[in-house]
Amino acid sequence: MKIIHKISMDLDRYSVPGFDAVCGDRNTRELEIALFASGAEWTVPEGTAVSVRYQKPDGTGGSYDLLPDGDAAWAVGGNTVTVVMAPQTMTVPGCVIL
């Protein structure tokens, strides 16, 4: 089962969208991020690569672009970036910054 969290981000405005996830979750949560610039859809340029950086509540963190099984952790299409939450992002209870 996949749980998809749909959020929007305007690249010209500072905002921190949030969503809830369970500590210990493993590869079931995806973020579908619709990108905008000054309110207009922003198309992700062809050939763009994505890397996810995160910081856990205990101060540890890291980055990833692959899941533990070697599959890509992201996909891009139009103005949308989809990211699978890797298990290591949800090993500590509390708010994680991506």
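Predicted model: local features only at pLDDT ≥ 70, side-chain atom pairs only at ≥ 80, totals over all residues.

Trainee: Why is V44 called buried?

Mentor: Its relative accessible area is 10%. Buried means under 20%, so V44 qualifies.

Trainee: Where does V44 sit in the chain?

Mentor: You'll find V44 in the loop between strand 3 (40-41) and strand 4.

Trainee: What makes L35 a contact of V44?

Mentor: Contact means heavy atoms within 4.5 Å. Setting aside neighbours within four places in sequence, V44 has such contacts with L35, V76, G78, N79 and V81.

Trainee: And how far is V44 from T28?

Mentor: They are 16 residues apart along the chain, and their C-alpha atoms are separated by 24 Å.

Trainee: Which residues touch the most other members of the largest nonpolar core?

Mentor: That core has 17 residues, and I33, L35, Y64, L67, V81 and V83 touch the most other members. Strand 2, strand 4 and strand 7 each supply at least two of the core's residues. L35 and V81 are also contacts of V44.

Trainee: What lines the largest pocket?

Mentor: There are 39 lining residues, with P17, F19, L31, I97 and L98 nearest the centre. Strand 1 (3-10), strand 2 (29-37), strand 4 (52-55) and strand 7 (80-84) each give two or more residues to that lining. The pocket's volume is about 980 Å³.

Trainee: How many of the lining residues are nonpolar?

Mentor: By class, 29 are nonpolar, six polar and four charged.

Methods: Residues numbered from 1 in each chain as written. Heavy atoms only, no water. 1 Å grid on protein atoms, 1.4 Å probe; cavity = no way out; pocket = protein on both sides within 12 Å on 5 of 7 lines; lining within 4 Å. Points joined across faces, edges and corners; volume = space filled by probe spheres on them. Helix = DSSP H or I, 4+ residues; strand = E, 2+ residues; numbered from the N terminus. Nonpolar A, V, L, I, M, F, W, Y, C, P; charged D, E, K, R; others polar. Buried < 20%, exposed > 50% of the residue type's maximum accessible area, 1.4 Å probe, protein only. Core = buried A, V, L, I, M, F, W, Y, C linked by side-chain atoms within 4.5 Å.
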